[in-house]
Structure formats: C-alpha cells, structure tokens
Amino acid sequence: MSLATLSIIVLVALFAATLIPAFDLGLGALAAAFLLGLAADVATDEVTGFFPADFFVLIVGVTALFAVAHLNGTLDWLLDLLLRLVRGRLVLIVLVPFVIGAVLTAVGTLPAAATAIVSPIALGFAARYRISPLIAAVLGITGIISGLLSPLAVYGVTARELSEKQGLGLPGSAPVTFLLGGLVTGLVVCAALLVVGTRTGAVPPGRISGSPRPAAPEGTAPDGPAPGAASVSTAEGGTATAVTAPPAETADQPAGVRGLTIAALLAVVVLSVGWDMNVGYLGLTAALLLQLAFRLPSGEIVSRIPWNVVLLIGGLLTYVGLMQHLGAFKQISDMLRVDGSPLLSLLVLCYIAGVTSFAASSIAVFVTTMPLLPPLVADGVSPVGGVLALALASVLVDINPLGITGGLILGAAEPSARPRLFRQLLIYGLVSIPVAPFLTWLAFGWW
C-alpha cells in the first residue's frame with residue numbers, strides 16, 4: 001500500500017471518528033499529520049509548514065471584529081431595527097429570520113452562533129403566528145447559508161484562500177460573485193418554501209393586528225419562546241442564550257458608537273474587496289481601534305474568537321497539505337474523473353460533499369474537497385462555478401436534526417412540537433442529499 005493511499009484511509013477514519021462524542025477532529029488531524037509524516041519520512045518542520053498561518057489571521061481578525069460589534073451593542077441594535085421595521089406584516093415577519101441569518105453570517109458570525117440567535121426568533125414567531133415550525137426554521141437556516149460566502153464569512157474567506165493556494169485563477173470579481181451566488185440560492189429556496197407554505201396553510205396569509213408579545217421578565221416563564229430572549233439547548237448538552245432585542249444599556253448606546261462600528265465593518269468589506277487588502281489584518285486592525293475607542297475589555301474579545309474552529313480548520317489543512325505532498329489528491333482525482341466530461345466529475349464531487357456533510361462538519365468537508373477542483377478546472381470547469389457548486393452542496397444539507405444545527409433548532413422549539421419537528425427535519429435533510437448537490441451543480445457548474 002502506498003503512503004498516498006494510506007493518507008486517504010486515515011482521512012476517512014478521521015471523519016468516521018467524529019461519531020465518537022469526545023473526539024476532536026482538529027486535534028486528530030494534527031496528530032495524524034505528525035504520525036503520517038514520520039511514516040513518510042517527511043521532516044516535522046515541513047509538516048508544520050503546512051499549517052495555514054494566513055488562514056489563522058483571517059479567522060481571528062474577522063471574528064474579533066464581529067465580537068466588538070456584539071459587545072458594543074451594534075449587532076443587537078441592527079437586529080432590533082429589523083424586527084421593528086416589519087411589525088404587523090406577516091409575510092415579512094416570516095422573512096425576518098432569513099434576513100437576520102443572512103446579515104449575521106455575512107458580517108462574519110459563525111454558523112453555529114448565528115443558528116443560536118436565529119432559531120429562537122424563527123420558532124418564537126412560529127408559535128405566535130401559527131406558522132409551521134419547519135418552514136420558520138428552514139427559512140432562518142437558509143438565511144444563514146445565504147450569507148456564508150460573503151467576503152467576511154468563514155466560507156467566503158476559505159473559498160478565496162484555498163482557491164488562491166490551489167491556483168484556480170479566480171477573477172477579481174469572485175468575492176462579489178460568491179456572495180451573490182449564495183444569496184440567490186437562498187432566495188430561491190426561500191421563495192419555494194413560502195409558495196409551498198402559503199398553499200398548504202403552513203404560512204397564513206395577510207396581516208396581524210398588534211405587535212409581537214414582549215419577552216417575559218427574567219425569572220418568569222412565557223407561554224412560548226419569546227423573541228426577546230431564549231435559552232437554547234445545544235447538541236453538547238449545554239445552553240446558549242440568544243438575545244434579539246438589546247438590553248437597556250445596549251439600546252442606550254450613543255448613535256456615534258453604532259455609526260463608527262458600522263463604518264468600520266463597511267471599510268473592511270470595501271478595502272478587502274475593492275483594493276484586495278488582507279481581510280484578516282483589516283479585521284484585526286479595526287477590532288483593535290474600536291476596542292481602544294470604546295474601552296472594551298480585551299479578554300472579552302479574545303474569548304469570543306472561535307478557537308475550536310481555528311483548530312479544526314488549521315489541523316485539517318495541515319493534514320491536507322501533507323496529503324497533497326504525498327500525491328493523495330491526484331490519486332483521488334483520477335478515481336473520480338469521468339473521462340471526457342469534467343462537468344460530470346464535478347457532479348460526483350458535489351455528491352460526495354453533500355453526502356459527507358450530512359453527518360460531518362460542512363466546513364471540514366469543503367476544506368478537504370477543494371483540492372480536488374484544480375484538475376477539473378484545468379479540463380474546462382469554471383473556477384467560480386466550481387467553487388460555488390461545491391460550497392453550496394456542502395452546506396445545503398446542514399438542515400437536519402443530527403448535528404449542532406438541528407440540536408439548536410429543536411432546543412428552541414416548544415416541547416410539544418419537538419417530536420414532529422424532528423421527523424420533519426430528518427425528512428427534509430434526507431431529501432436534500434439527492435436534490436441539493438444536483439441543483440447547485442446544475443445552477444453553477446455550467447458557468
């Protein structure tokens with residue numbers, strides 16, 4: 001057995017080991033890279049060189065900036081503004097979770113954190129306005145998916161960084177195209193859900209009188225999930241508190257604080273997209289300036305950086321770099337390639353990403369399948385279309401009850417609605433496996 005083949009077997013074993021609750025994929029990938037390097041007689045310094053230091057800066061910088069926006073109340077203010085703008089309009093209320101999810105991930109929020117915020121909003125609205133919990137939840141998570149490919153989001157940053165490393169030759173307009181591709185896909189899914197929901201009665205038509213019931217005071221039990229605040233059970237058994245209306249001290253923040261924070265966010269986007277400046281260092285610089293200006297505790301910012309995600313992607317990319325060094329991805333590409341049809345090869349790759357993502361981390365799957373794209377691009381597949389198809393095939397199957405996303409959704413639902421919602425989410429997830437990869441390939445693979 002060649003070392004390239006061994007590295008593929010170890011990668012499959014790493015993903016299979018994620019079924020063990022105590023297993024950490026990032027740590028496992030780093031350990032596997034070290035041991036495989038020893039077996040392949042690759043120097044430890046060379047293995048360490050595969051660690052993506054540039055990606056580390058990108059993730060830390062973007063999430064630090066988002067942490068500042070959350071700590072100084074700007075994000076909560078934006079969310080509260082959205083809720084106030086649509087009061088009384090039922091169809092727009094249904095769309096609020098979609099819009100909030102898209103905004104959250106577009107400015108750099110991690111999907112799990114965005115889900116913890118959006119799920120209570122979506123399920124709270126469903127309980128109040130007799131909307132199907134499935135429709136409300138899927139709309140919220142679809143919004144999160146729609147913003148994942150923005151220049152500040154984890155997937156958008158990863159797509160650009162890996163495309164550059166793989167030599168895919170993306171055009172300068174690629175970041176905007178990625179964002180628009182994600183938004184268009186989300187809006188299509190959203191429109192289809194609203195049509196189906198309206199015709200089946202899952203989404204009542206018309207307006208409502210009055211306004212949403214305010215959150216119950218602290219220490220009391222509301223009749224259903226309140227849009228103001230909710231404690232959400234996570235897949236790990238803990239709780240995550242999602243606040244959609246700002247607390248008193250946040251609501252009273254001077255307009256200058258919010259204005260300066262929004263200006264910083266816009267500056268990072270414009271400079272990174274328009275002038276091709278490093279978004280990670282831009283985010284770090286903006287976060288530091290805002291932290292000093294508002295005298296925010298630095299420990300609060302650092303603690304909000306998702307170190308587990310940094311470890312996950314850093315460990316996987318280190319192992320993937322070693323696999324490339326050993327020739328593993330060339331071997332996989334040769335196995336998947338459909339002779340004379342790079343587009344069919346891309347379809348096979350999209351299905352592999354979709355099936356694997358159903359039970360594994362989508363970002364991990366995306367990171368490990370991206371190195372398979374260059375041979376297809378060399379055969380004629382559009383680099384932008386290929387990245388979009390692969391990324392969306394990886395994330396559109398996330399709406400199922402077997403992962404963190406599903407756990408957060410079920411935790412935000414009323415106890416009486418959870419058994420039925422679990423079955424509905426499972427059916428939705430299983431149906432998305434054959435449908436989503438094909439539709440993303442059909443929409444973007446032909447570019």
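The structure is a predicted model, in which local features need pLDDT of at least 70 and side-chain atom pairs count only at pLDDT 80 or more, while totals for chains, interfaces and linings use all residues. Residues are numbered from 1 along each chain as its sequence is written, and side-chain values use heavy atoms, with hydrogens and water left out.

The protein contains 22 helices and 2 strands; these are DSSP runs numbered from the N terminus, with helices (H or I) of at least four residues and strands (E) of at least two. Of the 447 residues, 53% are buried, where buried means under 20% relative accessible area, exposed over 50% and partly exposed in between (1.4 Å probe, protein chains only). Contact denotes heavy atoms within 4.5 Å. Among contacts between residues at least 6 apart in sequence, 78% join residues at least 24 apart.

Two helix pairs were examined, with axes taken as lines fitted to C-alpha atoms over the stretch in contact and angles running from 0 to 180 degrees between N-to-C directions. Helix α4 packs against helix α15 (residues 307-326) at an angle of about 160 degrees, with the axes 10 Å apart. The two are therefore roughly antiparallel (angles under 35 degrees count as roughly parallel, over 145 as roughly antiparallel, 65 to 115 as roughly perpendicular and the rest as oblique). The crossing of α4 past α15 is right-handed, that is, the near helix is turned clockwise from the far one by less than a right angle. Residues F55, F56, I59 and V60 of α4 meet W307, V310, I313 and L317 of α15. By class, this contact has 8 nonpolar, no polar and no charged residues; Ala, Val, Leu, Ile, Met, Phe, Trp, Tyr, Cys and Pro count as nonpolar, Asp, Glu, Lys and Arg as charged, and the others, Gly among them, as polar.

In the second pair, the axes of helix α20 (residues 383-395) and helix α22 (residues 418-444) come within 9 Å and cross at roughly 160 degrees. Helices α20 and α22 are therefore also roughly antiparallel to each other, and α20 passes α22 in a right-handed crossing. On the α20 side the contact is made by G385, L388, A389, L392 and A393, and on the α22 side by P437, T440, W441 and F444. The contact of α20 with α22 comprises 7 nonpolar, 2 polar and no charged residues. Helix α22 also holds L430, which is partly exposed at 46% relative accessibility. L430 and I399 lie 31 residues apart in sequence and 9.4 Å apart in space, C-alpha to C-alpha.

The count of salt bridges comes to 1, a salt bridge being a side-chain nitrogen of Lys or Arg within 4 Å of a carboxyl oxygen of Asp or Glu. The side chains of K165 and D54 form this pair, at 3.6 Å from N to O. K165 in helix α9 (residues 154-165) and D54 in helix α4 (residues 53-71) are 111 residues apart, and the pair links distant parts of the chain. K165 is partly exposed at 45% relative accessibility, as is D54 at 31%.

Most residues other than glycine have a negative phi. D41, not a glycine, has a positive phi of about 60 degrees. D41 is found in the loop between α2 (25-39) and α3 (44-48) and is exposed, with a relative accessible area of 72%. R295, likewise not a glycine, has a positive phi of about 55 degrees. R295 is found in the loop between α13 (279-294) and α14 (298-303) and is exposed, with a relative accessible area of 77%.
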